Amino acid sequence: MPKAYVICDIDVIDPEAYEEYRRLSSLAAAAHDVRFIVRGGATEVLEGDRVPNRTVVLEFASADAARAWFHSPEYTAAREARKDAARGSFILVEGTD
């Protein structure tokens, strides 16, 4: 079963409130064996006109594990904390064997 990745592009609106989301999302990640590959590092557009915001890439054992994390009570609490602090998109991508 291939690993899976969740790619997040987050526009932080309220940095202070976002800190609570970061705390809760870190707890959710630890509870679900999530590995952070990228967590808000510098970005550079090499081609195209897309301007990324805060980029986060998470690694999971499988797509099912990613879905379980996303819908878990732990991450649901984190999403609730994020709703007024940031907006963005989360994309699930299956890796290759």
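Guide: Ile91 belongs to strand S4, which covers residues 86–94. Helices (H or I, at least four residues) and strands (E, at least two) are DSSP runs, numbered from the N terminus. The model is predicted, so local features need pLDDT of at least 70 and side-chain atom pairs count only at pLDDT 80 or more, whereas totals for chains, interfaces and linings use all residues. Residues are numbered from 1 along each chain as its sequence is written, and side-chain values use heavy atoms, with hydrogens and water left out.

Ile91 counts as partly exposed because its relative accessibility is 47%; buried means under 20% relative accessible area, exposed over 50%, and partly exposed in between (1.4 Å probe, protein chains only). Together with Ile7 and Val93, Ile91 forms a nonpolar patch on the surface, and the three have about 220 Å² of accessible area together. A salt bridge is a side-chain nitrogen of Lys or Arg within 4 Å of a carboxyl oxygen of Asp or Glu. Accessible areas come from the Shrake-Rupley method with a 1.4 Å probe, and for residues only the protein chains shown count as cover.

Strand S3 (residues 54–60) is mostly covered, with seven of its seven residues buried. Arg54, Val56, Leu58 and Phe60 point one way from S3, while Thr55, Val57 and Glu59 point the other way. S3 runs antiparallel to strand S1 (residues 4–12), to which seven bridges join it; here Tyr5 stands opposite Glu59. S3 is also antiparallel to strand S2 (residues 35–39), with four bridges between them, and Phe36 has Leu58 as its bridge partner. Two strands pair if DSSP finds at least two bridges between them.

Taken as a whole, the protein chain has three helices and four strands, in the order β-α-β-β-α-α-β along the sequence. Its radius of gyration is 13 Å, close to the 13 Å that the globule rule gives for 97 residues, so the chain is as compact as a globular protein of that length. This radius is taken over C-alpha atoms, and the globule rule is 2.2 Å times the number of residues to the power 0.38. Buried residues make up 31% of the 97 residues.

Definitions and conventions
Patches are made of residues with over 30% relative accessible area and no salt bridge: like charges are joined within 9 Å, nonpolar side chains (Val, Leu, Ile, Met, Phe, Trp, Tyr) within 5 Å.
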